[in-house]
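Hello,

Here is the structure I promised to hand over. Please look through it first, then read the notes below.

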Amino acid sequence: MKNTVLALSLLFAAPMAQACETFTIGDISVEHAWSRASIGTDRPGVLYLEITNNGTTDDALTGLTTPAASMPMLHETVVTDGIASMPHAASVPVPAGQTVVLSPGGFHGMLMGLTNVLKEGETFPITLTFEQAGSLDVSVDVLSMRVEAAACDDAK
Amino acid sequence: MRLRHIQIGLWIMAGLAALAYGALILRPQMNAQTQETTFQPAFSLADSAGQLRTTDEFAGKFQLVFFGFTNCPDVCPATLSEMAQVMDDLGDAAAKVQPIFISIDPERDRRLGIDSFTQAFHPEILGLAGDIEATQAAAESFRIFFAREDAPNAAGGYTMSHSSALYLIGPKGDWLRQYDYGTPATEILFDLNTRL
Ligand SMILES: [Cu+2]
């Protein structure tokens, strides 16, 4: 009985745990990768995550590729005098020893040309390209439209 | 000759001081003006069924108004999520508040469907997408800004920049205040509860 409960709780915990999974290449590690469920495929999707540079050399996220979107790009939302715009960002700097967060109202991956509907509870892969560390495959959790941050116990 | 230089120097300093003083006394007045002078924003915009909806319809209720566009995956969902959270947390008092999403990219949003977007956040949010002139008029009356920006890499070749705050309109139609982008739902809720 106890084992069944344990097995069940693990089963339910599994999808939640994914955004909390850490992906590492060289000095770079990425966690809390999440996206919002989409309505159809006509509107762009979004990508948020946290990048930590554990090394002593500055790095930068320079690109994204994913089977989930034909034109993924890096954007930065800028609010100036109360007016929001989101210009294209050539790269996201990840200085040595620091953690950089792509989150609502700041840097984000803009997933234009969605190939499929992003459904809550599903995951999709994305490849991040770093100037120094190279390419890193990350799994992205699709969360509800109304979520504003990845649901991880260790979230800072 | 030397004395004249000192004199000019003193005059310049006096002038600068006067300017600084002027800036000091004028600035708070300008702020007070935008906060205290009431005005009554108005809109007349089509809902998803094509029916014209106006401000008068919501007399007696508070209106929580956000201007945005549905092709906006970052700022707009974040704000509509806050709006939805506030509506949920208001409980019974939610009946006194009408949340409204006004599209500043109305032609595309009518095509994409404005209701499917607002409903994904909260069933009570009214989505409006009028014609360009009516949208411009609504923006002017709320004293907000929006602009279309060419972006060769964006869907459709353009994106929008827009005022990103939430606006609170009182039961008599008066503009009461704005909640800047990023104001947590708990803070908005607290403020609303002091008014309801
Ligand atoms: Cu963007």
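One definition before the rest: a residue counts as buried under 20% relative accessible area, exposed over 50%, and partly exposed in between (1.4 Å probe, protein chains only). By that rule B:Ser163 is buried, at 8% relative accessible area. More on that residue below.

This is a predicted model, in which local features need pLDDT of at least 70 and side-chain atom pairs count only at pLDDT 80 or more, while totals for chains, interfaces and linings use all residues. Residues are numbered from 1 along each chain as its sequence is written, chains are lettered from A and ligands numbered from 1 in the order in which they are written, and side-chain values use heavy atoms, with hydrogens and water left out.

The interface

Start with the contact between the chains. Chain B gives 31 residues to it and chain A gives 27. Contact here means heavy atoms within 4.5 Å. The two chains bury about 2,200 Å² between them, and 57% of that is on carbon and sulfur atoms. Buried area is the accessible area (1.4 Å probe) that two parts lose on being put together, summed over both. On the chain B side, B:Pro73, B:Asp74 and B:Asn153 lose the most area to chain A, together 28% of what that side buries.

Polar contacts come next. The rule finds 14 residue pairs in polar contact across the interface, both residues at pLDDT 80 or more. A polar contact is a pair of N or O atoms within 3.5 Å; within protein, one must be able to donate a hydrogen and the other to accept it, and residues adjacent in sequence count only if both atoms are side-chain atoms.

Which elements of chain B give two or more residues to the side that touches chain A? They are helix 2 (75-90), helix 4 (114-119) and strand 7 (158-163). Helices (H or I, at least four residues) and strands (E, at least two) are DSSP runs, numbered from the N terminus. Helix 2 of chain B gives the largest share, eight residues.

Strand 7 in both chains

Strand 7 of chain A (residues 83-85) pairs with strand 7 of chain B in the antiparallel sense, over two bridges. Strands pair if DSSP finds at least two bridges between them. A:Ala84 has B:His162 as its bridge partner. B:Ser163 also lies in strand 7 of chain B. Leaving aside neighbours within four places in sequence, B:Ser163 is in contact with A:Gly82, A:Ile83, B:Phe67, B:Ile144 and B:Phe145.

Salt bridges

The structure holds six salt bridges over all chains. Each is a side-chain nitrogen of Lys or Arg within 4 Å of a carboxyl oxygen of Asp or Glu. How many cross the interface of chain B and chain A? The rule finds one. A:Arg146 and B:Asp88 form it, at 3.0 Å from N to O. The pair runs from the segment after strand 12 (134-143) of chain A to helix 2 of chain B. A:Arg146 is partly exposed at 23%, and B:Asp88 is partly exposed at 40%.

Chain B also has a network of salt bridges, linking B:Asp47, B:Arg53 and B:Glu57. The closest N and O atoms of B:Asp47 and B:Arg53 are 2.8 Å apart. For B:Arg53 and B:Glu57 the value is 2.7 Å. B:Asp47 is buried at 9%, and B:Arg53 is buried at 19%. B:Glu57 is partly exposed at 40%.

Best wishes
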